[in-house]
Amino acid sequence: MRILVVEDDKDVAGFIVRGLKEAGHVVEHAENGRDGLFMAVSEPFDAIVLDRMLPGGIDGLKILETLRSQKNATPVLILSALADVTERVKGLKAGGDDYLTKPFAFAELLARVEALSRRGKSEGPTTKLVVEDLEMDLLSRQVKRAGQKIDLQPREFRLLEYLMRHAGQVVTRTMLLEGVWDYHFDPQTNVIDVHVSRLRQKVDKPFPVPLIQTIRNAGYTLRAERV
Amino acid sequence: MAASRFTVFRSAGVRFAATYAGLLALSAAALALFLWWATAGLLDRQTEAAIRADAQGLSERWEDGGTKALIAIIGERLAGNVDDDAIYLLADATHKLVTGNLDRWPATVQETGRFYELTVTRSGMRSLARVQAFDLPDGFQLVIGRDVVVRTQLRHLLTDALLWALVLVCGMATIGAILVRSLFRRTLANVSATAQAIAGGDFTQRVRLSGRGDEFDQLADVINDMLDRIGRLMEGVRQVSNAIAHDLRTPITRARTRLEDATLHAETPVELRAAIERATADLDGIVGVFQALLRIAEIEAGSRRAAFARIDLAAPLAAVAELYEAVAEERGVTLSTTLPDHVMSFGDAALIQQAVANLVDNAVKFSPSGGAASLSARLLGGGLEIAVTDHGPGIPTEDRQKATQRFYRGETARHTPGSGLGLALVQAVAQLHGGVLRLEDAEPGLRAVLALPLSGDAPAA
């Protein structure tokens, strides 16, 4: 993936760029709003990581608004130290696809950027999701693994659907809370872990190859474990 | 800043006083002008009318009997003039005296048909007269006038009196203006002294009320209310910063110690990495606490009240129960829910949901294995009550007040993970909605009741 990082803090930018490169992406970096806007409009990117507060007179929201007014639909992850709900809403209204507040864990950023680029590709309305031998029929709301029917609660179904839609990618606990439960706050107990372990009981336990993998310090991913 | 505000007050007082003085002087001047016109002007107009009447009489006589008759009537009139103020002068074409009581033809009188005011010499006496000249056929010329010395004196007297009166009025207006200004200042000095004291750091000062209940008292009341609210907010900020300083010191120290210890003593890269990871986790915990604090502050600021709407809490509450059911089950706690089909309320659904999530989180966390916890909602006399009950250790009566303070951790909670901010957030959400958070004894355990009013008019916290 080709990713543009617009971030003025040298340490933070270096950290993001290094991390994204290690994850196998091609990364360009702009350290002020002017360069960022210029690169964003003149070159094609699969995703943009955009800091909100930038030097050079052009801030993140301005870049975003300019891009969107030019019908440029590149997925944008807004990075900001402003954590208020109103600020978040402002960022998303300006055309941001996701909003991540500083400080953040790199795993969270990586997972969200990769999820974004997936969203960028216009998929037609899917009726069936398939990962390995796991099949999900979105119309009849049935789940089968290796031809064997699995009974799921409505919320378990949505959790699995989210994991399957992001198969092969890391999804963090926060992403699951937001995507599956529509929660935008941090529950103090690790409720997500319990829900995932329940899902595992039904989807993985009876089968030889586990599909739901825990990624240390990051979250989960749905793929067959291959060593 | 206080000084500049004070100058503004002062200049407003001056403006007020100057307007008052200006209006007073203007109306006094208008009155004097009218008086002058009505008196001194009247005297002039009377003289002129008398001269015109005289001329009319004389001209009739002349028409009847010519110059001779005119001379006769002039003599007659002069003789019969008791006040000795009439002036007649008949002269021929060369301005030679024919008859009359003036010594000679006044040099300034050139034209007929207009009035002259001039000094005349009459029987050797200099005097002031108002005269008009008339042309007669045969080159004769006639001057008719009135001696106006007395009237002029009267007019001077009147003018002087009016001018003095004006000066007096101006003086009084100035004194009045100074009085108005000092009244103005005295009333505002109270407010500005309070403001200055507060700007100087003494937040206990309040504006004194005069007790008259007038507009200034109302203003003082509003200002005092505002100061009370600011005081409460400042107290809150002070508490939070104290709490932050005190309670975040521990995890920050821990993270720091871990990193320093690793720098000094880690023997292998694996050990080093492990220490860094633990320190990062500590830092994440600190960030979490900060975010919770900011969120509480955001709620307490009240800005979210703008987004209040009529909401049905049934689905959000059921979602909370559903989210925690799994955790409860894993811990061997039965979480039961009693929710009506619709839970109508007015407010911010996401905030109420978060508050209830915190209560349920606590209930599940503090319930003993095999215990039961419950979430229920019911309408009660115009209000909504959301109750979360557990049968854990509960909170001792004497600690319940403190339980909603930031960073409070009960004795029994010492060994349970948590930031001590959960109930503080619930409290903030309750207050934002004009409701209360009640902590009751569930015998044993804790019953936390979030009571919210149904109406939209949440009072300003």
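Which residue in the turn of the hairpin formed by β6(A) and β7(A) has a positive phi? The residue is Glu132(A), with a phi of about 50°. The structure is a predicted model, in which local features need pLDDT of at least 70 and side-chain atom pairs count only at pLDDT 80 or more, while totals for chains, interfaces and linings use all residues. Residues are numbered from 1 along each chain as its sequence is written, and chains are lettered from A and ligands numbered from 1 in the order in which they are written. Helices (H or I, at least four residues) and strands (E, at least two) are DSSP runs, numbered from the N terminus.

**Chain A and its hairpin**

- Eight helices and twelve strands make up the secondary structure of chain A.
- Chain A has 227 residues, of which 35% count as buried. A residue is buried if 20 or more other C-beta atoms lie within 10 Å of its own, exposed if 12 or fewer, and partly exposed in between, with C-beta atoms placed from the backbone.
- Two residues are in contact if their C-beta atoms, placed from the backbone, lie within 7 Å. Of the contacts in chain A between residues at least 6 apart in sequence, 56% join residues at least 24 apart.
- Strands β6 (residues 128–131) and β7 (residues 134–137) of chain A run antiparallel and are joined by four bridges; two strands pair if DSSP finds at least two bridges between them.
- Leu129(A) has Met136(A) in β7(A) as its bridge partner, and two residues lie between the strands of this hairpin.

**Interface between chains A and B**

- The interface brings 15 residues of chain A into contact with 19 residues of chain B. On the chain A side, helix α8 (residues 191–203) gives the most, with four residues.
- By class, that side of chain A has seven nonpolar, four polar and four charged residues. Ala, Val, Leu, Ile, Met, Phe, Trp, Tyr, Cys and Pro count as nonpolar, Asp, Glu, Lys and Arg as charged, and the others, Gly among them, as polar.
- Helix α8(A) packs against helix α6 (residues 314–330) of chain B at an angle of about 80°, and their axes are 8 Å apart. Axes are lines fitted to C-alpha atoms, for helices over the stretch in contact, and angles run from 0 to 180 degrees between N-to-C directions.
- The two helices, α8(A) and α6(B), are therefore roughly perpendicular to each other; this class covers 65 to 115 degrees, with angles under 35 counted as roughly parallel, over 145 as roughly antiparallel and the rest as oblique.
- From α8(A), Val191(A), Val194(A), His195(A) and Arg198(A) meet Leu323(B), Tyr324(B), Ala326(B), Val327(B) and Glu330(B) in α6(B). This helix contact has six nonpolar, one polar and two charged residues.

**Five-stranded sheet of chain B**

- Chain B has an open sheet of five strands with mixed pairing, in the order β7-β9-β10-β12-β11. Its edge strands, β7 (334–338) and β11 (436–441), each pair on one side only.
- Neighbouring strands of the sheet are turned by 15° against each other on average, direction ignored.
- Strand β11(B) runs antiparallel to β12 (residues 446–453) of chain B, with six bridges between them. Glu440(B) stands opposite Arg447(B) in β12(B).
- Helix α9 (residues 422–432) of chain B packs on the sheet and touches β11 and β12 of chain B, its direction making about 130° with that of β11(B).
- Helix α6(B) lies across β7 and β9 (372–380) of chain B, and runs at about 165° to β7(B).

**A buried residue in chain B**

- Ile144(B), in strand β5 (residues 141–147) of chain B, counts as buried because it has 25 C-beta neighbours inside 10 Å.
- Beyond neighbours within four places in sequence, the contacts of Ile144(B) include Ile51(B), Leu58(B), Tyr88(B) and Phe134(B).
- Gln132(B) is twelve residues from Ile144(B) in sequence, with 5.6 Å between their C-alpha atoms.

**Backbone exceptions**

- Most residues other than glycine have a negative phi, and most peptide bonds are trans.
- A cis peptide bond with omega of about -5° joins Lys102(A) and Pro103(A). Pro103(A) is in the loop between β5 (98–101) and α5 (106–120) of chain A.
- Glu443(B) and Pro444(B) are joined by a cis peptide bond, with omega of about -5°. Glu443(B) also has a positive phi, near 45°, and belongs to the loop between β11 and β12 of chain B. Glu443(B) counts as exposed, with 8 C-beta neighbours inside 10 Å.
- Asp182(A), not a glycine, has a positive phi of about 60°. Asp182(A) lies in the loop between α7 (173–180) and α8 of chain A and counts as exposed, with 11 C-beta neighbours inside 10 Å.
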